Amino acid sequence: MKKIVALILCLAVGEMLFPGLARAQDDYTLFRRGAGEASLLYRGHKSFDYYMLYNGTPFLETPVFRPGTVVYNSKLYSGVELNIDASRQELIVRIGKGVSNKVLGREFVEQCTIDGRRFLNLQYHMGPSAPDGYWEVLYDGRNKVLRRVKKKLEQDVDGSRRDQTHYDGAYRYDVYQTFTYSADFCYLTEDGRVIPCRRRKDVLKLVDKSQRSEVRRYIRQLERTDMLPFSSYFVAVAHYLETR
């Protein structure tokens, strides 16, 4: 009897000291029950919160979560809201009001789509020696053009890094930390080779020497009015190779 009374007292004191904790746990329990089989997605650790002031965004493009799908632990889940923390290379699933967003264990993520855009986890397919993170499929043929967006928190005391954010949101000049954007590109061949491509000349090396002059002519036709961004140039060359 004394033990039961002591337990009740402990629970009462815990509720007084941490009134939101029990409610949060109840919310999560109810959510897990309602999620059914999809509750497997929500067992990861809480996503990282960026409490400091900053410009730009650590996310792929925007903090807004978008509808998508994910192949997780060999099972397809649809109708979920996803985003990528490009600073930490983490795939995050949005749960809902009162429950924290969760990070999906990368070792279980095969691929995902976010708002119709497809992303691959190369390490899932090719092992730990493959590049890490989530790679967007820009061109999907026998060979693939992939891009991994990265964000880095950097000092910006004079606002000179604004154009490096690739973010349309407001920019505060009284905030001196900024998430800057960079991107890596690679060519995934049908036999499983990952070829990094940083410049146009790297892409051109994918083409047989006997065809390079023809590729240059093809690109000049596409660039009659303006030079293509690197990603578009890469996709154009990949398309050329696929159709020859």
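In what follows, a residue is called buried when its relative accessible area is under 20%, exposed when that area is over 50%, and partly exposed in between, with a 1.4 Å probe and protein chains only. The structure is a predicted model, in which local features need pLDDT of at least 70 and side-chain atom pairs count only at pLDDT 80 or more, while totals for chains, interfaces and linings use all residues. Residues are numbered from 1 along each chain as its sequence is written, and side-chain values use heavy atoms, with hydrogens and water left out. Helices (H or I, at least four residues) and strands (E, at least two) are DSSP runs, numbered from the N terminus.

The description begins with the sheet. Ten strands are arranged in an open sheet with antiparallel pairing, in the order S4-S3-S2-S1-S5-S6-S7-S8-S9-S10, where two strands are said to pair if DSSP finds at least two bridges between them. Strand S4 (102-103) and strand S10 (194-196) stand at the edges, and each has a single partner strand, so one side of each is left without a neighbour in the sheet. Strand S7 (residues 135-140) and strand S8 (residues 144-155) run antiparallel and are joined by four bridges; Glu136, for instance, has Arg147 in S8 as its bridge partner. Helix H6 (residues 230-242) packs on the sheet and touches S7, S8 and strand S9 (177-188), its direction making about 10° with that of S9; here contact means heavy atoms within 4.5 Å, and the angle, on a scale from 0 to 180 degrees between N-to-C directions, is taken from axes that are lines fitted to C-alpha atoms, for helices over the stretch in contact. In the segment after H6 lies Thr243, which counts as partly exposed at 44% relative accessibility. Although Thr243 and Gly141 are 102 residues apart in sequence, their C-alpha atoms are 10.0 Å apart in space.

Elsewhere in the sheet, S1 and S2 pair in the antiparallel sense over six bridges, and Pro67 has Glu81 in S2 as its bridge partner. The hairpin of these two strands has two residues between them, and within it Asn73 takes a positive phi near 55°. Ser74 is also placed in the loop between strand S1 (66-72) and strand S2 (75-85), and with 60% relative accessibility Ser74 counts as exposed. From Ser74 to Glu110 the C-alpha to C-alpha distance is 7.3 Å, across a sequence separation of 36 residues. S1 also pairs with S5, again in the antiparallel sense, over five bridges, and the bridge partner of Val71 in S5 is Gln111.

Most residues other than glycine have a negative phi, and most peptide bonds are trans. Against this background, Gln89 has a positive phi near 55°; Gln89 lies in the loop between S2 and S3 and is buried, with a relative accessible area of 7%. His166, which is not a glycine either, has a positive phi of about 55°, but this residue is found in the loop between S8 and S9 and is exposed, with a relative accessible area of 51%.

The interior was examined through nonpolar cores, a core being a set of buried Ala, Val, Leu, Ile, Met, Phe, Trp, Tyr and Cys residues joined through side-chain atoms within 4.5 Å. The largest core has 21 residues, of which Leu41, Val70, Leu82, Leu91 and Leu104 touch the most other members. At least two residues of this core are supplied by each of S1, S2, strand S3 (90-94) and strand S5 (109-114), and the largest share, four residues, comes from S2. Not counting residues up to four places away in sequence, the contacts of Val70 include Leu41, Leu82, Leu91 and Leu104. A second, separate core has 20 residues, among them Val145, Val215, Ile219 and Tyr240.

Aromatic rings were considered last. Rings of Phe, Tyr and Trp (its six-membered ring) pair if their centres lie within 6.5 Å, with planes under 30 degrees apart counted as stacked, over 60 as edge-to-face and the rest as tilted. Eleven aromatic pairs are found in the whole structure. Phe48 and Tyr50 form one that is edge-to-face, at 4.8 Å centre to centre and with 75° between the planes; Phe48 counts as partly exposed at 40% relative accessibility, whereas Tyr50, at 16%, counts as buried.
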